[in-house]
Amino acid sequence: MNRFMQEQGPMFAGTHTMRDEMLDTLSEADLNYSPGGQNVPFGQLWREMGEVEHAYVESFKTFKQDFSWRNPEAGLEGSVSQLKSWFATLDAELEAVLGAMSDEDFKKTVERSGFAMPMEWQVQAYLQALLIFFGKATIYLKTMNKPLTKKIEEWIG
């Protein structure tokens, strides 16, 4: 195992567990909820986070960032079980890709719309994207009067 995964792997696992625990608290009806205004339904927010994770997984493989891919799976936004399955697949792929990298690979850069980001920063940007998602998701949960999981409460508030 490379140095990065030895040091940072537990952070990924914990962050993904926090996301999965939040998803475990939801029903299909919850995924249809929108707090109104310009906000998308909760299920769409979850799909968008999966698409972000997909974009990062691909960037770790290709060293190029592209956020244009959209998941075409029918019914994904309205199904807790489909979302869980998809995230499990994405997480396994992420772990495999990062785990297979050499320490030298982490010194390479990822091309991102006209600038290059060091791979180690790219990985941290993915974790920050997850934290941003959690911030958004907690607003949905609070407006639905749903309790936050203990980990979300402690980490996000």
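Biologist: Which residues of helix 4 are buried?

Modeller: Buried means under 20% relative accessible area, and exposed over 50%, with a 1.4 Å probe and protein chains only. In helix 4 the buried residues are Val-80, Leu-83, Trp-86, Phe-87, Leu-90, Asp-91, Leu-94, Val-97 and Leu-98. Seen down the axis of helix 4, these buried residues fall within an arc of 135°, so they line one face; the arc is taken from the directions from the helix axis to the C-beta atoms. This is a predicted model, in which local features need pLDDT of at least 70 and side-chain atom pairs count only at pLDDT 80 or more. Residues are numbered from 1 along each chain, and side-chain values use heavy atoms, without hydrogens and water.

Biologist: What covers the buried residues of helix 4?

Modeller: The cover includes helix 1 (3–24), helix 2 (28–31), helix 3 (42–62) and helix 5 (119–143), where contact means heavy atoms within 4.5 Å.

Biologist: How are two packed helices described?

Modeller: By the angle between their axes and the distance between the axes. Helix 1 and helix 4 pack at about 175°, with axes 11 Å apart. That makes helix 1 roughly antiparallel to helix 4, a term for angles over 145 degrees. Among the residues in this contact are Phe-12 and Leu-23 of helix 1 and Phe-87 and Leu-94 of helix 4.

Technical notes
Helix = DSSP H or I, 4+ residues; strand = E, 2+ residues; numbered from the N terminus. Axes fitted to C-alpha atoms, helices over the stretch in contact; angles between N-to-C directions. Parallel < 35°, antiparallel > 145°, perpendicular 65-115°, else oblique.
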